[in-house]
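Biologist: Could you walk me through this protein slowly, as I am still new to reading structures?

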Amino acid sequence: MINFRYHVVSLAAALLALAVGVVLGAGLLDKPASEAPSGEQVAEADPAVAAFESGYVGRTSPKLLDQQLDGESVLVMTTPGANAADIKGVTTSLDVAGAEVVGEIGLTAKLLDPGGRQFAEGVAQQVGEDVPGISADGDSYARIGAAIARGLVSDKTAKIDDDATTLRTAFVEGDLLTLEKAPKRRASMVVIITGARTSSSGDQGASVAGIAGSLDASSQGVVVAGPASSSTAGGIIDALRDDDQAASLSTVDVADSPAGRVVATLALASEAKGKSGQWGTSRSADGAVPAA
């Protein structure tokens, strides 16, 4: 298994290459998928190396992120098991890039687990049937996602109108969403932060794909970011990368490191320019980081 020192130094090298304008090719950060460790195999972090990466990112990220998301409003969403440090790190990077983080919403296990699909679809149909602009096309989670999207996002920053309030309230009262930080406005972009791979991640991945695809269609772009294990077989990001509903959004599988959280923000900036992709480990089709 690749060690933590190699993982960190590779991330730092990738960011440095981006800073000087080098176009990166294939991902640098991990073993091929066939050699990937299980989600339970986690390298022990050397505190000295972790301090180096944090220091390096602190010195380089302001220049890399400067004005990348000026004028954009971003909603942070989380799935069950998302790490608090990953959430805080991505949010901080978004702030540095000039984005307005309008709030934080949790997607609950009740919403994402297939056993709760029928209830969630019932809520979406009941509360959304009289709201203009909610499509009834697609599979169940695409329709559920369309209702969630109308309550939370728009193609540009927008006020929370009566329809949005009704939709959001219904999903919260149904224990399908949690308001970690109630959104102040409907956001133009979304970052969804996932947790490490678990036994239920594969099933949840299809649900996330349908919801994220609807959010992407209703906004300026969506990035789904998670730790390295989330892109191994059975992880949420692995499921998204194989799902046609999620083809137009971006994924990043290195959110469990300070440098990776910067990459997630750069991915959102790429979305704002109309380019989606898969970035992070060598399991990512478009390399380590978005091109400058």
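Predicted model: local features only at pLDDT ≥ 70, side-chain atom pairs only at ≥ 80, totals over all residues.

Biologist: How many helices and strands does the protein have?

Modeller: The protein has 10 helices and 7 strands, where helices (H or I, at least four residues) and strands (E, at least two) are DSSP runs numbered from the N terminus.

Biologist: And what percentage of the residues count as buried?

Modeller: Of the 292 residues, 54% count as buried, a word that stands for under 20% relative accessible area, with exposed meaning over 50% and partly exposed in between (1.4 Å probe, protein chains only).

Biologist: What about contacts between residues at least 6 apart in sequence?

Modeller: Taking a contact as heavy atoms within 4.5 Å, 80% of the contacts between residues at least 6 apart in sequence join residues that are at least 24 apart.

Biologist: Switching to rings, how many aromatic pairs are there?

Modeller: The rule is that rings of Phe, Tyr and Trp (its six-membered ring) pair if their centres lie within 6.5 Å, and planes under 30 degrees apart count as stacked, over 60 as edge-to-face and the rest as tilted. By this rule the count comes to 1 aromatic pair. That pair is Phe52 with Tyr56, and it is tilted, at 6.1 Å centre to centre with 40° between the planes.

Biologist: Where do Phe52 and Tyr56 lie?

Modeller: Both lie in helix 2 (residues 47-65), 4 residues apart, which is about one turn of the helix. Phe52 counts as partly exposed because its relative accessibility is 41%, whereas Tyr56 is buried, since its relative accessible area is 17%.

Biologist: Which charged residue sits over the ring of Phe119?

Modeller: The charged end of Lys110 does, 4.4 Å from the ring centre; for this, NZ of Lys or CZ of Arg must be within 6 Å of the ring centre and within 35 degrees of the ring normal.

Biologist: Now helix packing: how do helix 2 and helix 10 cross?

Modeller: The axes of helix 2 and helix 10 (residues 258-272) come within 9 Å and cross at roughly 15°, with axes being lines fitted to C-alpha atoms, for helices over the stretch in contact, and angles running from 0 to 180 degrees between N-to-C directions. Helix 2 and helix 10 are therefore roughly parallel to each other, given that angles under 35 degrees count as roughly parallel, over 145 as roughly antiparallel, 65 to 115 as roughly perpendicular and the rest as oblique. The residues that make the contact include Val57 and Leu64 of helix 2 and Val262 and Leu266 of helix 10.

Biologist: And are helix 5 and helix 7 roughly parallel or roughly antiparallel?

Modeller: Helix 5 (residues 117-128) and helix 7 (residues 162-173) pack at an angle of about 155°, with their axes 10 Å apart, so the two helices are roughly antiparallel. Among the residues making that contact are Ala120 and Val127 of helix 5 and Leu167 and Phe171 of helix 7.

Biologist: Is Glu121 buried or exposed?

Modeller: Glu121, which is in helix 5, counts as buried because its relative accessibility is 10%. Leaving aside neighbours within four places in sequence, Glu121 is in contact with Ser140, Arg143 and Ile144.

Biologist: What about Val252, where is that one?

Modeller: Val252 is in strand 6, and at 0% relative accessibility Val252 counts as buried. With neighbours within four places set aside, the contacts of Val252 include Val223, Ile237, Val263 and Trp279. Val252 and Val263 are 11 residues apart in sequence and 7.3 Å apart in space, C-alpha to C-alpha.

Key
Residues numbered from 1 in each chain as written. Heavy atoms only, no water.
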